[in-house]
Amino acid sequence: MLDRCPFCRTPLPGDDASELAMIQKRVGKGDAEAIKVLGEQYCFGDLGLTKDVSRSIELWTEAAELGSIDAHYELGIMYYTGDCVEGVEEDKPRGIRHWQQAATKGHVESRHGLGAIECDNGNHQLAVQHYMISAKMGHERSLNGIKKMFKDGHATKAQYAEALLGYRDAVEEMKSPQREEAKEEAMRLGIYF
């Protein structure tokens with residue numbers, strides 16, 4: 001799948017200009033995920049585009065308004081960690097709001113991030129709730145977060161056991177020969193998840 005268009009599953013063209021044209025065609029149709037992807041291209045200066053973080057934020061904002069939870073996640077990162085991103089001022093509450101939007105729609109990394117923030121702020125029960133949700137979705141770092149909280153006395157044995165069972169069930173549900181094949185192909189190509 002890594003060599004296929006995420007929108008139409010046709011083979012990706014061999015040059016940046018053609019790939020950018022494919023993305024822009026979907027952007028022209030108002031496709032939220034394509035708009036999010038174009039934002040990524042501007043953020044990193046890929047596909048021959050000049051790096052433009054402001055343009056990335058504009059595109060991610062548009063994609064988020066159209067329903068892209070990944071765009072909310074990206075905006076959350078930008079605003080929460082603004083000081084390490086050129087041209088973006090830190091606005092932690094705004095970043096958290098974007099992660100909350102994504103988390104309520106099922107974005108695992110956003111949910112994990114909210115758990116980490118609550119843990120850092122000493123809101124341990126809220127942190128456990130966030131970590132529990134994402135651990136039950138198969139997120140290993142959230143499971144490890146609950147484990148650490150258990151060791152530190154901020155989560156109960158029952159909560160940790162529930163997280164372990166939920167994580168195990170989620171991982172089992174996600175197993176398939178196709179996933180294993182895709183994982184092997186990604187590793188062969190040097191792409192790690």
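Tutor: In α2, the buried residues are Ala 32, Ala 34, Ile 35, Lys 36, Val 37, Leu 38, Gly 39, Glu 40, Gln 41, Tyr 42 and Cys 43, where buried means under 20% relative accessible area, exposed over 50% and partly exposed in between, with a 1.4 Å probe and protein chains only. That's eleven of its 13 residues, so the helix is mostly covered. Keep in mind that this is a predicted model: local features need pLDDT of at least 70, side-chain atom pairs count only at pLDDT 80 or more, and totals for chains, interfaces and linings use all residues. Residues are numbered from 1 along each chain as its sequence is written, and side-chain values use heavy atoms, with hydrogens and water left out.

Now the geometry. α2 covers residues 32–44 and reaches 19 Å from its first C-alpha to its last, close to the 18 Å expected at 1.5 Å a residue; that expected span is 1.5 Å times one less than the number of residues. Helices here are DSSP runs (H or I, at least four residues), numbered from the N terminus.

What does the buried part of α2 pack against? Its partners are α1 (16–28), α3 and α4 (69–80), going by contact, meaning heavy atoms within 4.5 Å.

For the α3 side, look at Ser 56, which sits in that helix (residues 53–65). Ser 56 counts as buried because its relative accessibility is 0%. Leaving aside neighbours within four places in sequence, Ser 56 is in contact with Gly 39, Tyr 42 and Cys 43. Its side chain also reaches the backbone nitrogen of Cys 43 at 2.7 Å. For polar contacts, the rule is a pair of N or O atoms within 3.5 Å; within protein, one must be able to donate a hydrogen and the other to accept it, and residues adjacent in sequence count only if both atoms are side-chain atoms.

Zooming out, the chain is divided into domain 1 (1–105) and domain 2 (108–192), with bounds from an automatic or database domain assignment. The contact takes nine residues from domain 1 and eight residues from domain 2. Across that interface the rule finds one residue pair in polar contact, both at pLDDT 80 or more. On the side of domain 1 that touches domain 2, α4 and α5 (92–104) each supply at least two residues, and α5 gives the most, with six residues.
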